[in-house]
Amino acid sequence: PTTEPQSGSGHELVVVANRLPVDARTLPDGATEWVTSPGGLVTAMESVMRTVDSGAWVGWAGSPGEAPEPFEADGMHLYPVALEQEDVEKYYEGFSNATLWPLYHDVIVDPVFHRTWWDSYVSTNRRFAQAAAPVTSRRGVVWVHDYQLQLVPEMIRAARPDVRIGFFNHIPFPPVELFSQLPKRNQILRGLLGSDVVGFQRESDSLNFLASVRKLLGYHVEGHVITVPGIGSAPAREVVAKTFPISIDSAAVSALTEDQDVIERTAQLRRDLGNPKKIVLGVDRLDYTKGIRHRLKAWQELLNDGSVDPHETVMIQVATPSRERVEAYRQLRDEVELTVGRINGDFAPIGRPAVSYQHRSFDRRDMTALFMAADVVLVTALRDGMNLVAKEYVASRPDLRGVLVLSEFAGAADELRAAVLVNPHDIDELKAATLRALAMPEEDQEEAMRSLRRQVMDNDVQAWAHSFLDELEQSGKPQDDAPAV
Ligand code: ADQ
């Protein structure tokens with residue numbers, strides 16, 4: 001059946017992501033209120049949505065069961081997709097977060113695979129595609145996000161050959177040797193190749209994807225262009241796979257540092273910690289890809305060998321609760337909390353922590369205050385698509401003070417060359433880098449921070465979204481005369 005809308009109806013730009021950009025809040029009278037979630041993608045899209053007549057977002061509203069009716073928020077049309085409890089377990093916690101996530105992050109933990117998870121991944125992806133296809137205007141643009149929805153581009157193309165389709169992968173794309181382990185790998189590649197443009201964080205991710213397409217599907221690849229053979233009498237199509245490093249709303253973060261309330265919170269934070277000489281900060285979702293265990297081990301050894309004095313230096317570790325129903329995440333939380341407890345038991349002065357551990361969310365202002373108070377930020381990811389925390393720290397330091405220690409395995413390392421780059425697997429190197437950062441003279445901090453800021457302030461998330469959509473505009477050749485399938 002054709003899903004094409006009546007001419008003149010539908011949205012010019014439709015974003016498809018696992019989550020809608022809003023969270024439900026229950027009011028005292030039992031009614032539901034929708035609050036925009038302050039994520040980076042929402043900010044990026046706000047700026048793009050302003051340039052189109054009509055923008056929409058298709059995604060899950062966050063709780064299992066029936067989906068709310070479509071509604072409007074902040075000038076965007078939102079189309080909720082229903083996920084039953086079983087989909088949450090199999091599509092989301094299962095195939096997305098226990099199969100794809102570890103496999104795409106260099107198998108830091110073993111990927112788990114069940115065939116019923118795959119079935120749920122296919123049927124759930126179809127539901128997202130079926131929600132997006134009929135609401136996109138003729139020759140409109142659909143922008144699909146992330147690893148949970150890799151089959152959606154092909155499914156939308158089958159229903160709507162007239163639209164341009166882009167896909168952006170927020171996480172790494174693994175080397176072909178690892179990707180080949182994935183059961184159903186060719187279906188995933190074909191799903192992605194329903195797009196006109198497939199975007200990645202780092203050049204190495206684009207190259208890994210191109211190599212997989214060449215090796216596993218045998219398609220012709222030249223530079224960043226893939227030729228996808230047509231089925232039957234259909235003509236071949238070209239798909240571009242390119243690098244678009246994501247960023248943050250740099251100006252907004254930087255502006256917050258001048259807010260009187262944020263400045264006061266920064267001072268209060270230092271006082272609350274007993275005015276230490278130095279503060280070292282880590283901010284991550286509590287995820288095994290972030291290298292929190294490696295960071296704590298290095299910190300524990302530095303305290304143990306006396307290189308760091310806990311009376312003078314405090315570490316704050318913010319660990320946002322994440323995926324708490326997935327086994328590997330439960331284990332990680334236990335290990336991290338055991339280690340923090342041991343470090344504090346062994347080294348903390350009375351009345352003050354050696355590691356201040358915060359397992360909860362903070363608002364943007366508190367986050368900025370943390371970055372402003374931190375003399376050193378440790379980003380020690382074992383594998384990370386980009387890592388926005390690194391960029392947020394840089395944007396929070398217009399005073400040109402502070403040192404960023406950055407894992408070379410985070411996508412941000414390709415751009416933030418003036419950071420202290422480390423291999424977090426090498427605990428000795430991590431310790432040495434942390435000490436170097438703590439002792440860095442102010443002139444050197446300034447020089448590095450100036451260079452980092454040039455990068456982050458000039459390349460913000462708005463520029464990222466526009467450059468992706470520009471590429472899509474140029475490369476997508478909508479098949480005007482193709483009949484709807
Ligand atoms: P994440 O893995 O979630 O994102 P990251 O890029 O660091 O990782 O973004 C996390 C965001 O959450 C940051 O904006 C950070 O400030 C915020 N945050 C973390 N802890 C918080 C807390 N306790 N309270 C409030 N806010 C908190 C995925 C990929 C990344 C990629 C992004 C964007 O894994 O590699 O950079 O998508 O593409």
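Me: How many Å apart are the end C-alpha atoms of helix H16, residues 461–475?
Reply: In this predicted model, helix H16 has 15 residues. At 1.5 Å a residue, H16 should span 21 Å. The model agrees with that expectation, since the end C-alpha atoms of H16 are apart by 21 Å.

Me: Within what arc do the buried residues of H16 fall, seen down its axis?
Reply: The buried residues of H16 are Val 461, Gln 462, Trp 464, Ala 465, Phe 468 and Leu 472. An α-helix has 3.6 residues a turn, so residues three or four places apart point the same way. The buried residues of H16 line one face of the helix, because they fall within an arc of 165°.

Me: Which residues are exposed on the other side of H16?
Reply: One face of H16 is lined by its buried residues. On the other side, the exposed residues are Asp 470 and Gln 474.

Me: How many of the eight residues of helix H4 are buried?
Reply: Helix H4 runs over residues 152–159 and is mostly covered. Its buried residues are Val 152, Pro 153, Glu 154, Met 155, Ile 156, Arg 157 and Ala 159. Of the eight residues of H4, the number buried is seven.

Me: Which strands are included in what covers the buried residues of H4?
Reply: The cover over the buried residues of H4 includes helix H3 (115–132) and helix H6 (185–192). It also includes strands S1 (11–19), S7 (136–145) and S8 (164–168).

Me: Is His 11 buried or exposed?
Reply: His 11 lies in strand S1. A residue counts as buried if 20 or more other C-beta atoms lie within 10 Å of its own. His 11 has 25 other C-beta atoms within 10 Å, so His 11 is buried.

Me: How far apart in space are His 11 and Gly 351, C-alpha to C-alpha?
Reply: Leaving aside neighbours within four places in sequence, His 11 is in contact with residues including Ser 54, His 77 and Thr 136. His 11 and Gly 351 are 340 residues apart in sequence. In space, C-alpha to C-alpha, the two are apart by 57 Å.

Me: Which element gives the largest share of the shell around the ligand?
Reply: Of the 18 residues around the ligand, His 170, Thr 320, Gly 385, Met 386 and Leu 388 come nearest. The elements that give two or more residues to this shell are strand S13 (278–285), strand S14 (313–320) and helix H13 (388–395). The largest share, three residues, comes from H13.

Conventions. Residues are numbered from 1 along each chain as its sequence is written. This is a predicted model: local features need pLDDT of at least 70, side-chain atom pairs count only at pLDDT 80 or more; totals for chains, interfaces and linings use all residues. A residue is near a molecule or strand if its C-beta atom, placed from the backbone, lies within 6 Å of it. Helices (H or I, at least four residues) and strands (E, at least two) are DSSP runs, numbered from the N terminus. The expected span of a helix is 1.5 Å times one less than its number of residues. A residue is buried if 20 or more other C-beta atoms lie within 10 Å of its own, exposed if 12 or fewer, and partly exposed in between; C-beta atoms are placed from the backbone. The arc is that of the directions from the helix axis to the C-beta atoms. Two residues are in contact if their C-beta atoms, placed from the backbone, lie within 7 Å.
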